[in-house]
Amino acid sequence: MLRLDTRFLPDFPQAFKEHGPLLLQAREALLAKRKDPQSMLGWMDLPEDTETLRRIRRYREANPWVEDFVLLGIGGSALGPKALESAFNESGVRFHYVDHVEPEPVLRLLRGLDPRKTLVNAVSKSGATAETLAALLVFLNWLRENLGEDWRRHLVLTTDPRRGALRALAEKEGLEAFSIPDNVGGRFSVLSPVGLLPLAFAGMDLEALLMGARKANELALAPLEENLPLKTALLQHLHRHLPITVFMVYSERLKYLPAWFVQLHDESLGKRDGEGNRVGTTAVPALGPQDQHAQVQLFREGPLDKLIVLVVPERATEDLLLPQVEGLEGEAGYLFGKGLFQLLKAEAEATYQALAEAGQRVYTLYLSEVSPYAVGWLLQHLMWQTAFLGELWGVNAFDQPGVELVKRLTLTFLERPGYEF
Ligand code: PA5
C-alpha cells in the first residue's frame with residue numbers, strides 16, 4: 001500500500017481542488033494518446049501481461065544451473081532490475097551489472113566468474129547502445145572461448161521485437177530472446193522482460209509486483225479525490241519554480257531506487273516545451289538515514305530551492321530488537337528493547353519535521369512495507385506521475401533527444417581519423 005502525507009503543506013488540499021479541471025484535462029490528453037501506436041504508452045499495459053510472465057517463468061525453471069547472472073545494459077535497461085533485485089534477491093544467485101565501460105571492473109568480474117555457471121543477459125531496446133554492445137562483444141567472446149558450442153545456452157537477449165543488432169544476433173544464432181514491446185521505452189520498461197527476467201532469477205514474487213502495479217493503474221484512472229498519481233504530479237507541478245526535487249528513500253534494501261527515479265524524472269521531463277522554453281526540475285537522490293549525516297544539513301538550512309519527497313516504510317518485514325548491554329546504559333540505554341526499525345522510523349519522522357520546520361517544502365510517500373506489492377505500486381505510480389507531468393509541462397515524456405545526441409557524438413569521436421585515447 002502507498003499513502004501520501006502532506007501534513008506540512010496545509011495549502012495543498014485547496015490547491016488540489018482548484019487544479020481539478022487542469023489535472024483531468026492532463027489525464028484526458030495523455031489517455032487520448034493511447035490510441036496512437038507510436039505513443040510509447042505500452043508501460044500502462046505491462047502489469048496485465050501474464051503471458052510474458054509465464055514464458056519467463058518457464059525459462060527460469062529450465063535453467064536451474066545459474067549461479068551468476070550478468071546483466072549487460074545501461075540506463076533504463078539496468079536501473080530498474082538493479083533497484084528491485086538488490087531489494088528482493090533471496091535466491092542465492094549472484095548478480096553483476098555491466099552498466100559502464102571501465103575496463104578494470106569488467107576484467108575483475110570476468111576473472112571471478114565460472115562461465116559454466118554464468119548466464120549473461122544483454123539488454124538493449126535499440127540494440128545500438130555502445131556501452132552494451134561493447135560489453136556484449138567481451139562476454140560473447142568469453143563464453144565462446146570457454147564453452148565452445150554450449151555458449152548459446154549462456155546468453156539471453158532482451159531487445160526490440162524486430163529491430164537492432166541484438167535481435168539480428170538472436171535470429172542468426174538461434175538464441176533465446178525476450179521482447180521489449182515496441183511502445184515501451186527504456187526508463188518505463190522495468191515491468192517488461194527487462195526487469196522480469198532478472199527478477200525471476202532473483203526469486204522475487206513477480207505476481208505481487210505486477211499486482212501492486214495494477215493498483216497504481218487503478219488509482220491513476222480513478223476519480224480525482226482517489227487519484228494518487230494526479231495528486232503527486234500536482235505537488236511536483238506546484239513546486240516547479242523550485243529547481244530541485246529530492247527523492248529520499250528510508251530503506252537500505254531500496255538503496256538503488258533513487259537512481260531509478262532520477263533517470264525517470266530527469267530524462268523524461270528535462271526538455272524544451274512546445275514554445276522552446278527549457279523545462280524540468282533536477283531530481284537529486286538521497287538515502288535515509290545515511291544522508292542525514294551528509295545532505296540533510298543542506299536540505300534544512302541551505303537554500304529554499306527544493307521540493308523534498310521522503311519515501312518511508314511503515315512496517316518492517318521483520319524487526320530486530322536491540323539487546324540490553326551492561327556498561328552501555330548511559331549512552332545507549334534509550335535504545336535497549338527498541339526495534340531497529342523503530343529507530344529508522346523515528347529518524348525519518350525527525351527528518352520530516354526538521355525539514356518542514358525550516359520552511360522546506362516536503363511531503364512523504366508511506367509504503368506499507370518494503371514488499372514486492374508495495375514497491376510495484378510505487379514504481380508504476382511514479383511512472384504515471386511522470387507521464388502526467390509531461391502533459392502539465394508540455395513536453396514529450398517519452399523521448400530523449402539529448403541522450404541520443406550524445407550516443408551519436410560518441411560514435412563520431414571513435415570514428416574520427418587520428419582520434420586517440
Ligand atoms: O530511458 C531510455 O530510453 C534510455 O535511458 C535507455 O534506456 C538507455 O539509453 C539505453 O538504451 P537501450 O536500451 O536502447 O540500450
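**From a loop to the ligand**

Author: Happy to! Pro289 has its place in the loop between β10 (282–287) and α12 (296–301); here helices (H or I, at least four residues) and strands (E, at least two) are DSSP runs, numbered from the N terminus. A cis peptide bond joins Pro289 to Gly288, with omega about 0°. This is a predicted model, in which local features need pLDDT of at least 70, side-chain atom pairs count only at pLDDT 80 or more, and totals for chains, interfaces and linings use all residues. Residues are numbered from 1 along each chain as its sequence is written, and side-chain values use heavy atoms, with hydrogens and water left out.

Now to the ligand, which sits in the largest pocket (more than half of its atoms lie within 2 Å of the grid points; a pocket is an open set on a 1 Å grid over the protein atoms alone, with protein on both sides within 12 Å along at least five of seven lines). Two elements, α11 (257–269) and α16 (401–415), each give two or more residues to the shell around the ligand. Of the 15 residues there, Ser77, Ser124, Ser126, Thr129 and Gln263 come nearest (near is a heavy atom within 4 Å). The shell divides into 9 polar, 4 charged and 2 nonpolar residues, with Gly counted as polar.

Ligand oxygen atoms have polar contacts (N or O pairs within 3.5 Å) with backbone atoms of Gly76 at 2.9 Å and Lys125 at 2.8 Å, and with a side-chain atom of Lys407 at 3.0 Å. Taken alone the ligand exposes 380 Å², and the protein buries 93% of that (Shrake-Rupley, 1.4 Å probe). Because domain 1 (2–33 + 208–402) and domain 2 (42–204) both give residues to the shell, the ligand lies between them; the bounds come from an automatic or database domain assignment.

How values were computed: A polar contact is a pair of N or O atoms within 3.5 Å; within protein, one must be able to donate a hydrogen and the other to accept it, and residues adjacent in sequence count only if both atoms are side-chain atoms. On a 1 Å grid over the protein atoms alone, a cavity is a set of points where a 1.4 Å probe fits but cannot get out, and a pocket is an open set with protein on both sides within 12 Å along at least five of seven lines; lining residues have an atom within 4 Å of a point.
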